[in-house]
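Here is a short tour of one model, helix by helix and then chain by chain. Keep the viewer open while you read.

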Amino acid sequence: MKEKDISTDLSKDTQNESETDQGRRKFLKTTAAVATGAAAMTGGFPMIWAQNIKNVTLRQFGTGVSNINAIPEQVKKDLGFNLEMTALDTDTTAQRVVTQPKSFDIADIEYFTVKKVWGAGNLQPFDVSRLKNYDKIVGIFKNGKLTPSSNIAQGTAPHTVGFAESPTSKAFATEETNWYTLVPTIYNADTLGIRPDLIKRPIGSWSELLNSEFKGKASILNISSIGIMDAAMVCEAMGAVQYGDKGNMTKEEIDKTMAIFTEAKKDGQFRAFWKTFDESVNLMASGEVVIQSMWSPAITKVRSMGMPCIYQPLKEGYRSWGGGLGLSRNLSGLELDAAYEYINWYLSGWVGGLLMRQGYYSAAPETSKLFMSDDEWGYWFEGKPAQSDIIDPFGSKLESAGAVRDGGSFYERMGSVACWNSVMDENRYMVRKWNEFIAS
Amino acid sequence: MTRYLQITPLLLVLILFFIGPIIVIGVVSFWDYNAFSLIPDFVLTNYEELFSSGVTYTIYLKTLKFTLVTWLVTFLVGFTVAYFLAFHVQSLTWQMALFLICTIPFLTSNIIRMIAWIPVLGRHGLVNETLLGMGLIDKPLEWLLYSDFAVVLAFVHLYTLFMVVPIFNTMMRIDKSIIEAAYDAGANGWQTLIYVVLPLCKSGIAIGSIFVITLVMGDFVTIQTMSGGQSASVGVAMNNKRALLQYPAAAADAVVLLITVLIIVAVLMRFVNIRKEL
């Protein structure tokens, strides 16, 4: 049934190809204009092109993490055109890309989403030669290696779905090409959050989530595609299940994982399951839960409420995720130029600083350094003790002087990724089993 | 002719916003789907998957359990409140004033009323802290929050008024001389209640029950929030499928739930002729 559908998608897309070709020619013609336009921006001369682009409105949607109102405001200030943002959940973003390609210009989506939707052909790849800061982008989004000696983690690692073979290709390239499926922007390494004041002993392994010591005080997130990965990290750490690839489990591996979690649920291990950011914060801040899967900014939120909370580095490593910006196939002409301008601006540092000061990482971290104080850079990126209070971009105090980021520096954290968020071949089966676990 | 013209607007509204959507749901429940699109078709897989999954029966049983317990409690509380308002409070002004007080909680959204229980029932919540302080318990009661108890409590809080209103309404229309006649014929208070008042309130009870049963059967927010996502109901399962874009599967769920609820309502109607009583 799935195959049948892909084939209809493909036939739809061959029709689009001629349009794309035209679009490409048009964009070659306008490349010169962009160059002069960019020069005008930096030089401050009001050129005709710059006047024109002010009427452009780009429509972007994406998940909540990077949909921050400060971004469109700064775009207006720095680039002069309008950016409209819509925040959606992960599943809806994927659906939008496939079913309503005309409803957006830029899709802010995750790499595992692009794996699902690229074949539909509604996104056009980004010409890497026009990406000014490509040399500053970290290796994770190029050849997959953070440093030349790094291992590549399991799951849907961004570089495996990051490049297209050609501007019209529906397939992912196996190596770096000139065509980015998504321009990488944001990523992070996730782990378990704990309440050290209520646990009162060091935690060092994912297996602690199912430790009976925390009976009735544990939680896991109820978003099947991410929850299953956390569950797999736990089962593997317990030594209960051996996985070929946690990012692409077999039916048998899914069954074993869910059996262990169902049993734990029946034994009353879990206090609750959470679906939204705020739920996870409330569970932790109220002390209902002392150990659970969590997202980095949720930890800082709990801390800013005055509760001690640690984003605990674990010996098995992190579960990581990454996102980027994709261009709609329908973009052409001035709008496409504006989109290129916008994405180049996105990686030029201001947004990176905004994201890094919340605990995420920018795809081109060096550029963000200019928009962060040395102390902020030291704390967030280098894992050094804060010299003074650490304030988030919205003005709340996160840490006092002397604090060190959980997990340490960028290289320590991103260097110990065990698995990337992913889409499995057995996705539908997994979702069904996950729902049975929740209902059990 | 004018008669038909006069009902046309209502008819159009009902067709457009009530009958139409139900037909659409019915049709979509036979469609096929993949990860991102609906495929118009006529397949029975949605129903087959629904009926062949053990989870379906578990969650229907669970939903029916929640419904039954909630119905029983809301009926007992609702009937008592209505009885007090209708028979114990003598002045009409006071009756109306107290009745309005009953509706005050409904001035806020039901989500807020539900969430308000969390700080009350939590491990470090009001109830536990109080009981600990009084020395009645030595460790916090875990079952207060994120449990079936919490779910039923929230349901009762949210839906009791739907019982009170129709029962109060029918009680107010009971001719007081009938009660007097019962006393004159030698019935005591209890007998009057069971043999006179209760049968005369049948229609109000039936209407209240329909409200409570349909609301609980279709609920997913209350169950999700109050059980901390640990209990599933038909509504929760349906909402999960909707979120995963499995609209046809969710539609099949909806059709089966609709039929189930209609059967329950039909059974209730066997006991009471609501139209006659209105």
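## Helix α7 of chain A

α7(A) is mostly covered, with 14 of its 15 residues buried. Buried here means 20 or more other C-beta atoms within 10 Å of the residue's own, exposed means 12 or fewer, and partly exposed is in between, with C-beta atoms placed from the backbone. Helices are DSSP runs of H or I with at least four residues, strands are E runs of at least two, and both are numbered from the N terminus.

The helix takes in residues 224-238 and reaches 21 Å from its first C-alpha to its last, close to the 21 Å expected at 1.5 Å a residue. That expected span is 1.5 Å times one less than the number of residues. Just after α7(A), Gly239(A) has a positive phi of about 80 degrees.

## Ground rules

This is a predicted model, so local features need pLDDT of at least 70 and side-chain atom pairs count only at pLDDT 80 or more, while totals for chains, interfaces and linings use all residues. Residues are numbered from 1 along each chain as its sequence is written, and chains are lettered from A and ligands numbered from 1 in the order in which they are written.

## Glu263 of chain A

Glu263(A) sits in helix α8 (residues 251-266) of chain A. Because it has 12 C-beta neighbours inside 10 Å, Glu263(A) counts as exposed.

## Chain B overall

Chain B has 15 helices and two strands, and its C-alpha atoms fill a box of roughly 75 × 70 × 30 Å along the principal axes. Of its 278 residues, 32% are buried. Take the contacts (C-beta atoms, placed from the backbone, within 7 Å) between residues at least 6 apart in sequence: 70% join residues at least 24 apart.

## Where B meets A

On the chain B side, 23 residues are in contact with 25 residues of chain A.

## A closer look at α13(B)

Seven of the ten residues of α13(B) are buried, so this helix is largely enclosed by the rest of the structure. Those buried residues include Val234(B), Met238(B) and Lys241(B). Their cover includes α16 (427-439) of chain A, along with α3, α11 (202-217), α12 (221-226) and α14 (247-271) of chain B. Just after α13(B), Leu245(B) takes a positive phi of about 65 degrees.

Methods. Two residues are in contact if their C-beta atoms, placed from the backbone, lie within 7 Å.
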